[in-house]
Amino acid sequence: TLFRSPPGAPAAPAAPEDPFAPFARALGVPAPAEPAPLDEADELAELELAAGVLAHCRQNKLGPASSPTLSLRILNLVAAPGAEISELARIIAADPALSAGILNVANSAYFRGVDEIETVRDAVTRLGLDEVGRVAGALSAKSLFNPRLRQEQAAYGPRFTDLYRRAIVVATAAAALAMRTRARSDRCYLGGMLHDVGRSVALRSVALLHLERRPVPGLGDPRLDRVLDRVHVELGAELHQEWQLPQYLTVLAVRHHDREIPADEEFRDLHVVRLAAARPDVCEALVRG
């Protein structure tokens, strides 16, 4: 009785509902559980580590690494007689680094027309097969001939693979969801691929710090995911701006964790990608089904 509110006192405000709870109810799946809070010392240590990762990324101008194997497929396709732009766009769209690189070149001052290029297919059409082959070759060379990058992959390879796989799942599920609504599936697919790109770039920083013998979380350490969570939105926003990607992609990268998003038409793609990214397990079942 000591802690009972006096008569007439206003009721304590209810805790805000998880923004993804309505989606979970509609899908008939449990909402993701909130992680247990850290104690003050651990919280401060992780904040310091996250700040170090951000500073390291900015200092070293890190970006996503493209797959040399995928780039070689592109080069072979471009060299083949009768190569089709649709097939080339499909291969590029499966790699976040290539997608970002192709969009960046297509929207550069040299190639940009009146309208901004928003999709990989439009970028490939604007650049042409030969130029796309040159861009893909340049991006793959960074991975193929960079020994430090191969060391990064060796140290944290399974986690890089997990992030890539999740991007594919979210992108494919977002495109499938878009086709059930009035959203554009091509924009939602690309948004799903690139909305979390800050995570993979932050992981590159962690891998480099590991190679430099700095204290960072190991592959199985739960702090690794928490550090990536802390920095990926800010880092992703900076990368999108640096690469001069279309504005709708930058909005997806910046706002996909916002608790409230307006219901306006301009945010339709964001709502679709947020739903796909909130429950990747459900997304994967949707893709398989």
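Biologist: What should I know about the model before we start?
Modeller: The model is predicted, so local features need pLDDT of at least 70 and side-chain atom pairs pLDDT 80 or more, while totals for chains, interfaces and linings use all residues. Residues are numbered from 1 along each chain as its sequence is written, and side-chain values use heavy atoms, without hydrogens and water.

Biologist: How many helices and strands does the protein chain have?
Modeller: The protein chain has 14 helices and zero strands. Helices (H or I, at least four residues) and strands (E, at least two) are DSSP runs, numbered from the N terminus.

Biologist: Why is Asp95 called buried?
Modeller: Its relative accessible area is 4%. Buried means under 20%, exposed over 50%, and partly exposed in between, with a 1.4 Å probe and protein chains only. Asp95 is under 20%, therefore it is buried. Of the 289 residues of the protein chain, 44% count as buried.

Biologist: Where is Asp95 found?
Modeller: Asp95 sits in the loop between α4 (85-92) and α5 (96-106).

Biologist: What makes the pair Asp95 and Leu98 a polar contact?
Modeller: The backbone nitrogen of Leu98 lies 2.8 Å from a polar atom of the Asp95 side chain. A polar contact is a pair of N or O atoms within 3.5 Å; within protein, one must be able to donate a hydrogen and the other to accept it, and residues adjacent in sequence count only if both atoms are side-chain atoms. The 2.8 Å is within 3.5 Å.

Biologist: Why does Arg213 count as exposed?
Modeller: Arg213 has 77% relative accessibility, which is over 50%. Arg213 is in the loop between α10 (197-211) and α11. Its phi is positive, about 65 degrees, although Arg213 is not a glycine.

Biologist: What makes α10 mostly covered?
Modeller: Twelve of the 15 residues of α10 are buried. Among them are Val197, Arg199 and Leu209.

Biologist: How do you know that the span of α11 is close to the expected one?
Modeller: Helix α11 (residues 222-243) has 22 residues and reaches 31 Å from its first C-alpha to its last. The expected span is 1.5 Å times one less than the number of residues.

Biologist: Where does α11 bend, and by how much?
Modeller: α11 bends by about 45 degrees at His232. The bend is the angle between axes fitted to the seven residues ending there and the seven starting there. His232 is also buried.

Biologist: Why is α11 called roughly antiparallel to α12?
Modeller: The axes of α11 and helix α12 (residues 247-255) come within 8 Å and cross at roughly 165 degrees. That angle makes the pair α11 and α12 roughly antiparallel. Angles under 35 degrees count as roughly parallel, over 145 as roughly antiparallel, 65 to 115 as roughly perpendicular and the rest as oblique. Axes are lines fitted to C-alpha atoms, for helices over the stretch in contact, and angles run from 0 to 180 degrees between N-to-C directions.
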